[in-house]
Amino acid sequence: MIIIKSASEIESMRRVNQMTARLRTALAEMVRPGLATLELGNFAKNMIREMGGVSAFYGYHGYPGQICVSINDEVVHGIPGGRIIHEGDIVSIDTGITFEGFIGDTAVTVGAGEISAEDQHLLDITKASLDAGIAMAVEGNRLGDISHAIQTVVEDAGLTVVREFVGHGIGRSMHEDPQIPNFGKPGRGPVLKAGMTLAIEPMVNIGVAKVNVLDDNWTAVTADGSNSAHFEHTVAVGKTAPDILTLV
Ligand code: MF3
Ligand code: CO
Ligand code: CO
């Protein structure tokens, strides 16, 4: 069942999602060669506390981190720890906060220092695919229109869409209906209605689409070791235009 939020619930969602966006942006600006991923996790812990929220990730199905930090061939769910970020790495940061009963969820991938042209293309296309998906989040469209728009941008650029992880409805729970695959057919699936709140989040690989999960039972990596990027916004479906809740 897809939960439709009232106007006041949308404003609560905007509050927590803007907090989450500020955290995402602060973390992205910290990324530099020499930084350990745990330093990002610790910064997040403090900033979330100062904002009066709690991490939506910590303890979720036993997840041990405050945020997710995934480097290079790591797709999603990297756990902050002793790994050092190096020059030329691409770093995906996924953040989630619970505040006054609602959840915010947003992610970005940034480079550390100078990155290769191939990696820059990966970041640009993944971001463009998210924007194309968001543009379809308008009442009367179908869920498959979002999925198809993302897939088209990615595959037209010669990159691949991860299938094992999907976007999702979000609200009082981090993962509500519907699931939002980053691939699919236009004109299929549930009709979108104003007040639906969706976390749209393409995960895109340079090489094969397939991913594996490491022995830590969390970190997803590409099967061929190619690099991967992840961008995520939480959006309210609008009557005539999408309403992006995770803007700073
Ligand atoms: N924020 C992720 C998503 O976009 C989920 C993180 S799972 C966790 O859906 F276990 F790390 F919290
Ligand atoms: Co997320
Ligand atoms: Co999400």
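Trainee: What makes the pair His230 and Glu201 a polar contact?

Mentor: Good place to start! In this predicted model, the side chains of His230 and Glu201 are joined at 2.9 Å. The cut-off for a polar contact is a pair of N or O atoms within 3.5 Å, so the 2.9 Å between His230 and Glu201 qualifies.

Trainee: Is His230 buried or exposed, and how do you know?

Mentor: The relative accessible area of His230 is 2%. Buried means under 20%, so His230 is called buried. You can find His230 in strand E13, which covers residues 228–230. Leaving out residues up to four places away in sequence, His230 touches several residues, including Val75, Ser92, Asp94, Thr126 and Met203. Glu201 is also among the residues that His230 touches.

Trainee: Which residues are the closest to ligand 1?

Mentor: Ligand 1 is surrounded by 13 residues, and the closest are Phe57, Asp94, Asp105, His175 and Glu201. Look at the polar side-chain atoms too: one of His175 lies 2.8 Å from an oxygen atom of ligand 1, and one of Glu201 also lies 2.8 Å from an oxygen atom of ligand 1. For Glu232, the distance from a polar side-chain atom to an oxygen atom of ligand 1 is 3.1 Å. Taken alone, ligand 1 exposes 340 Å², and 96% of that is buried by the protein.

Trainee: Which residue coordinates both the cobalt ion (ligand 2) and the cobalt ion (ligand 3)?

Mentor: That is Asp105, and the two ions are 3.2 Å apart. Asp94 lies in strand E4 (residues 90–99) and Asp105 in strand E5 (residues 102–111), so the pair ties together parts that are eleven residues apart in sequence.

Trainee: Are Asp94 and Asp105 buried or exposed?

Mentor: Asp94 has 9% relative accessibility and Asp105 has 2%. With the cut-off for buried at under 20%, Asp94 is buried, and so is Asp105.

Note on methods
Residues are numbered from 1 along each chain as its sequence is written. Chains are lettered from A and ligands numbered from 1 in the order in which they are written. This is a predicted model: local features need pLDDT of at least 70, side-chain atom pairs count only at pLDDT 80 or more; totals for chains, interfaces and linings use all residues. Side-chain values use heavy atoms; hydrogens and water are left out. Donors are N, O and S atoms within 2.8 Å of the metal (3.2 Å for Na, K and Ca); water is not among the atoms, so sites may look incomplete. Helices (H or I, at least four residues) and strands (E, at least two) are DSSP runs, numbered from the N terminus. Buried means under 20% relative accessible area, exposed over 50%, partly exposed in between (1.4 Å probe, protein chains only). A residue is near a molecule or strand if one of its heavy atoms lies within 4 Å of it. A polar contact is a pair of N or O atoms within 3.5 Å; within protein, one must be able to donate a hydrogen and the other to accept it, and residues adjacent in sequence count only if both atoms are side-chain atoms. Accessible areas come from the Shrake-Rupley method with a 1.4 Å probe; for residues, only the protein chains shown count as cover. Contact means heavy atoms within 4.5 Å.
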